[in-house]
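Please consult the sequence and the coordinates shown here before reading on.

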Amino acid sequence: MRMQWDGFLTAVQERGEYSTPQEAERAARVVLALLGAHLVGEARAELAARLPETFAMVLLNPLQAREPLSPERFIRATAAWIEGATEQTATWDVSAVLSVAADAAGEDLMGRVLLQLPPGYDLLFGRPQPATPGTGEPQPS
């Protein structure tokens, strides 16, 4: 089921502790545009179908990425796209937006989304995965 605009933005604003909906919207647009560059196929389409239509379009028309970004580089890229942001504030932005997106996605879809991303994104989505014994790598959901 598609999240409504107000519900999504309110959740991002609350989690990010933004003083205005405009700040939450700016963070959501940047983070989802960067995320969209890392997802392909059915998982990206399904996630888009659960987001408010405007944000779905942002996810489906992403910023271009030449290679998958590690979580650390994803945060640095977010900081670069948000005026006045630091890596610390970008971490906050990414966490606020991706945790709301994860809530909209649900566990099954999030498992498939995380399989497309480099290790460590589970923490950005607020969905830490248990490590596979002996490897330290997250177990597939």
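Predicted model: local features only at pLDDT ≥ 70, side-chain atom pairs only at ≥ 80, totals over all residues.

Side chains of opposite charge can pair when their charged atoms come close. Across the whole structure, a search returns nine salt bridges. One of them joins D103 to R15, with 2.4 Å between the closest N and O atoms. This pair connects distant parts of the chain, since D103 belongs to helix α6 (residues 87–105) and R15 to helix α1 (residues 5–16), 88 residues apart. D103 is partly exposed because its relative accessibility is 41%, and R15 is partly exposed at a relative accessible area of 37%.

R112 takes part in two of the contacts tabulated below, one with E42 and one with E46.

| Salt bridge | N to O distance |
|---|---|
| D103 and R15 | 2.4 Å |
| E42 and R112 | 3.8 Å |
| R112 and E46 | 2.9 Å |

The salt bridge between R112 and E46 ties together parts that are 66 residues apart in sequence, because R112 lies in helix α7 and E46 in helix α3. E42 and R112 likewise meet in a salt bridge. Since E42 sits in helix α3 (residues 41–50) and R112 in helix α7 (residues 107–115), that pair ties together parts 70 residues apart in sequence.

As for accessibility, E42 is exposed because its relative accessible area is 57%, whereas R112 counts as partly exposed at 27% relative accessibility. Salt bridges also link E42, E46, R50, D108 and R112 in a network.

Key: Residues numbered from 1 in each chain as written. Heavy atoms only, no water. Salt bridge = Lys/Arg side-chain N within 4 Å of Asp/Glu carboxyl O. Helix = DSSP H or I, 4+ residues; strand = E, 2+ residues; numbered from the N terminus. Buried < 20%, exposed > 50% of the residue type's maximum accessible area, 1.4 Å probe, protein only.
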